[in-house]
Amino acid sequence: MHIIPVKDFNDLGRKASQFIIQLVREKPDAVLGLATGSTPKSTYKALIQDHRLNGTSYQHVRTVNLDEYVGLAKDNPNSYHYFMRDQLFNHIDIPDRNIYIPNGLASDLEEECRRYDRLITELGGVDLQILGIGRNGHIGFNEPGTSFEVMTHVVDLTLDTRKANARFFNTLEEVPKQAITMGIKNILQSRSILLLASGPSKADAMARLLNESKITNAFPASSLHQHRNVTVIADEDALSMVYLGRRA
Ligand code: GLP
């Protein structure tokens, strides 16, 4: 695991965007695995800025998102479809046909999961997967206890995760109780992974990930120790409890 410490949230975005921009320049039809949440926002902002200033093109890029809530329509401002349009896709030149996000309104959710797995295979796999991390170490929506062997699946969200995400909704009750998420197996099949973390609320999770090398289902992000090409970009607050001198 390669760790890049940065100062703050904006530095995190600049640094992470450089990885994505470099990949897209080298491989214009790259498959990007994208994430939602607050953490990637500064990265998407930096990509938009670069697109405007330097003209980096996403005409041939394909994107697959990690997850989506079950039961929210695409135009619901809390859906991850809406988030991605608002934060990135509406501001770059990626064609709609190249954008893939699980459909949380599918009538057969199991079939939707299988379709998503097939789709990723048909695209040739993910070149670079962007990840945030939950306070409990979840990646995508793979909550503690999830097997590392599962592919895309439907999950029951933990109360902790629903509370953490309730800030975007009017009430906790409105936060969906289920989501579709790529599994840890999908994530580990990506050719490279960029894990982003910012702020003091991630300090515990980063300490657990980086001070220890123990791989356990109880802490889903620990699965990343099994992958050969993971870069962690994290800011000072997120790294405040990490011993950078003797990290895992
Ligand atoms: C959600 C998303 C995850 C994300 C996590 C952290 O649960 N499904 O993909 O990494 O939240 O979110 P944030 O970046 O807002 O802290």
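The points below go through selected strands, single residues and the ligand surroundings of this predicted model.

1. Strand β2 (residues 31-34) sends Val-31 and Gly-33 one way and Leu-32 and Leu-34 the other way, and all of these residues are buried.

2. The pairing of β2 involves two strands, one of which is β3 (residues 62-65), joined to β2 in the parallel sense over four bridges, with Val-31 standing opposite Arg-62. β6 also runs parallel to β2 and is joined to it by two bridges, and here the bridge partner of Gly-33 is Gln-129.

3. The C-alpha atom of Lys-45 is separated by 8.7 Å from that of Ser-17, although the two residues are 28 apart along the chain.

4. Strand β10 (residues 230-235) has six of its six residues buried, so this strand is largely enclosed by the rest of the structure.

5. Strand β1 (residues 2-6) runs parallel to β10 and is joined to it by five bridges, with Ile-3 opposite Val-232. Strand β9 (residues 192-197) likewise pairs with β10 in the parallel sense, over five bridges, and in this pairing Leu-196 stands opposite Ile-233. Helix α7 (residues 203-211) belongs with β9 and β10 to a right-handed β-α-β unit.

6. A separate point concerns an open sheet of three strands, which has the order β4-β8-β7 and antiparallel pairing. β4 (67-69) and β7 stand at the edges with a single partner strand each, so one side of each is left without a neighbour in the sheet. Neighbouring strands of this sheet are turned against each other by 25° on average, direction ignored.

7. Within that sheet, β7 and strand β8 (residues 178-181) run antiparallel and are joined by four bridges, and His-153 stands opposite Thr-181 of β8. Helix α4 (residues 109-122) packs on the sheet, where it touches β7 and β8, and the direction of α4 makes about 125° with that of β7.

8. Thr-152 lies in the loop between β6 (128-131) and β7 (153-156), and counts as buried because its relative accessibility is 1%. The side chain of Thr-152 makes a polar contact of 2.6 Å with that of Asp-117. Leaving aside neighbours within four places in sequence, the contacts of Thr-152 include Cys-113, Arg-114, Tyr-116 and Asp-117, and also Ile-180, Thr-181 and Asn-186.

9. Around the ligand there are 13 residues, of which Ser-38, Thr-39, Asp-67, Arg-167 and Lys-202 come nearest. The side chain of Lys-202 has an N or O atom 2.5 Å from an oxygen atom of the ligand, and for the side chain of Arg-167 the corresponding distance to a ligand oxygen atom is 2.9 Å. A polar side-chain atom of His-138 also lies 2.9 Å from an oxygen atom of the ligand.

Terms used
Residues are numbered from 1 along each chain as its sequence is written. This is a predicted model: local features need pLDDT of at least 70, side-chain atom pairs count only at pLDDT 80 or more; totals for chains, interfaces and linings use all residues. Side-chain values use heavy atoms; hydrogens and water are left out. Buried means under 20% relative accessible area, exposed over 50%, partly exposed in between (1.4 Å probe, protein chains only). A polar contact is a pair of N or O atoms within 3.5 Å; within protein, one must be able to donate a hydrogen and the other to accept it, and residues adjacent in sequence count only if both atoms are side-chain atoms. Contact means heavy atoms within 4.5 Å. Two strands pair if DSSP finds at least two bridges between them. Axes are lines fitted to C-alpha atoms, for helices over the stretch in contact, and angles run from 0 to 180 degrees between N-to-C directions. A residue is near a molecule or strand if one of its heavy atoms lies within 4 Å of it. A crossover is right-handed if, with the strands pointing away from the viewer, the path from the first strand over the helix to the second runs clockwise.
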